[in-house]
Amino acid sequence: MSNIGSYEKRRENFSWDIAKEVLAWKEDEILNIGAMCSDRICAQGKGDKKALIWQGFGGKQKTYTFNDLRVLSNGFAKFLQDLGVAPGEKVCLFMDKIPELYVSFLGVLKMGAVAQPLFSAFGDESLEVRLLSADTKVIFTTRKHVKKVRKIQDRLPALEKIVVVEGNPNKLRDEEIYMSMEDFRVENFKVYEAGPDTPSVLHYTSGTTGQPKGAQHGHGSIWGQALTTSWVLDLKDDDIYWCTADPGWVTGTSYGIIGPWSLGVTQCVLDSGFTSAAWYKFIQENKVTVWYSAPTAIRSLMRDGEELVKQYDLSSLRHLASVGEPLNAEAVIWSEKVYGLPFLDTFWQTETGSMMITNIPGVKIKPGSMGKPFPGIEAGILDLQTNEPVTEPGTVGLIAFRPGWPSMFKEYVKKPDIYRSKFVGAADDAMPAELRVDESIWYVSGDRASFDKDGYYWFVGRDDDVINTGGHLVGPFEIESALVEHEAIAEAAAIGKPDEVNMEVVKVFITLNPSFEPSDDLELNIMNFIRKRLSPLAMPQEIEYMEKLPKTRSGKILRRYLKALEWGHEVGDLSTLEDD
Ligand code: 6R9
């Protein structure tokens with residue numbers, strides 16, 4: 001029997017308070033994600049239950065119980081208090097997927113500060129724009145990654161402390177603090193009493209223009225995350241759950257920390273590079289039952305074929321789900337054939353904080369469709385011209401949601417205008433708080449889709465130029481700004497180009513400065529330049545030299561035109577192209 005029972009009945013009798021019932025949470029208890037994922041689970045008598053089964057490079061294993069999570073996260077919370085960090089201040093977590101990352105996340109939240117996880121693969125420039133934007137006060141990192149922080153620390157006036165939690169402490173600089181998690185087991189800590197809107201987790205997400213935006217969530221997001229985890233991922237007390245996402249991405253916090261641990265479920269983390277064989281071995285050894293992953297990984301598994309699957313015992317698996325990019329019908333059908341289970345597609349965003357449109361256990365799957373709105377979510381498709389909700393099945397428009405679900409982001413840090421521009425139907429002077437209660441308002445996702453006559457949603461594509469590579473959003477502007485800092489490059493445009501496994505990869509068009517000539521060396525040099533400054537994901541897979549980039553009359557580079565040429569689409573109206 002699935003946790004959700006009947007989808008139709010749940011939709012009819014829905015209230016987000018059901019999340020409180022699912023967590024057995026009483027109104028007089030403290031609302032705090034950090035404590036609800038550790039202290040509360042211990043108070044329910046599950047202190048000795050395994051919370052985290054971790055495996056690193058080379059197969060090294062560590063296991064932590066919920067009581068370990070409790071006392072070790074208390075340690076981080078106390079450590080931050082002693083450093084003078086105040087509630088509301090931002091603490092960046094910049095590490096590989098090591099146990100310290102997961103435990104410090106809870107500790108930061110327990111003392112009321114804001115957790116800002118960033119991918120450890122980020123280069124110094126990606127790191128700098130995000131720390132600068134957030135006025136981050138403390139960064140937790142490791143010996144391996146501290147070099148990148150050193151490079152930029154002089155340009156970050158708000159950054160007061162650099163704390164290194166792993167690696168050789170003898171090689172640190174005087175101003176860096178070493179902290180070993182295991183030495184900070186603190187039995188009692190007075191948890192910060194948060195409200196639903198008290199800032200909790202801050203994730204940066206890329207848009208078409210400008211630098212990435214910090215989507216701020218509140219502690220009340222836990223209701224949405226816990227309920228979707230229970231009803232969509234169907235987690236039960238004895239499950240062994242594996243979310244393959246890195247907490248630098250919202251999936252890795254909403255469903256790789258908060259969802260499972262708020263429900264007291266054991267989860268596994270594999271902190272090593274991807275190979276299909278390593279993943280299957282991990283599932284076999286840990287007897288994983290529920291697996292939440294992403295289409296790019298699934299396509300890679302498909303490429304490695306069915307024979308490999310047969311070499312492992314994957315019979316522990318009982319439920320699979322996917323997020324991040326369109327999950328093609330072939331992948332759903334293939335997974336049903338080889339694992340005996342279809343991957344259930346789920347659609348949501350950094351901004352929504354939890355699943356919005358999803359396939360649900362017990363509801364018929366139409367392979368290639370994202371499924372239906374989660375109970376309690378009012379979704380619509382807005383007409384591309386008028387922004388009015390369409391009524392005709394099959395009409396392509398913008399996916400939109402009525403504000404009011406608990407995990408909705410509260411703001412874009414320091415960008416109230418962009419926040420407001422995400423909503424339509426709002427009076428011009430409407431402030432974010434009011435937006436959340438007005439019935440006439442839609443939050444517009446920035447993706448295009450249609451629904452069919454049975455209410456299933458079908459993804460069409462993004463409504464902007466953001467590149468989705470392997471499930472990760474990369475902003476073209478970020479890449480272009482970094483490219484023009486290269487001495488050889490005069491102008492640059494970045495687009496997504498089709499790719500069989502990653503859906504899209506980055507392709508860039510550049511014009512060179514006068515004294516430079518195209519060459520293989522230069523190409524490699526540019527690729528590495530971006531990999532180091534931004535990240536491996538942002539690194540261009542192809543560089544095309546141009547005499548001149550196509551532009552609008554107002555001088556904006558016409559990425560859409562370059563993209564249409566690349567994808568073989570209709571080029572469309574060129575009347576806004578610059579005259580020669
Ligand atoms: C959780 C997450 C959000 C964007 C979203 C859309 C794409 C996510 C999808 C999907 C098709 C799905 N996306 N899930 N596209 N089908 N099931 O991915 O957050 O990194 O903010 O990305 O990803 O374009 O708008 P985020």
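Hi everyone, let me start with a term: a contact here means heavy atoms within 4.5 Å. Among contacts between residues at least 6 apart in sequence, 69% join residues at least 24 apart.

A word on the source. This is a predicted model, where local features need pLDDT of at least 70 and side-chain atom pairs count only at pLDDT 80 or more, while totals for chains, interfaces and linings use all residues. Residues are numbered from 1 along each chain as its sequence is written, and side-chain values use heavy atoms, with hydrogens and water left out.

Now the overall shape. The C-alpha trace spans about 75 × 65 × 60 Å along its principal axes. Of the 580 residues, 60% are buried, meaning under 20% relative accessible area, with exposed being over 50% and partly exposed in between (1.4 Å probe, protein chains only).

One is counted when a side-chain nitrogen of Lys or Arg lies within 4 Å of a carboxyl oxygen of Asp or Glu, and the structure holds 42 of them. Take Asp17 and Lys20, whose closest N and O atoms are 3.5 Å apart. Asp17 is partly exposed at 44%, whereas Lys20 is buried at 17%.

Then there is Arg560 with Asp465, again a salt bridge, at 3.5 Å from N to O. Arg560 sits in helix 19 and Asp465 in the loop between strand 22 and strand 23, so this pair ties together parts 95 residues apart in sequence. Helices (H or I, at least four residues) and strands (E, at least two) are DSSP runs, numbered from the N terminus. Thanks, everyone!
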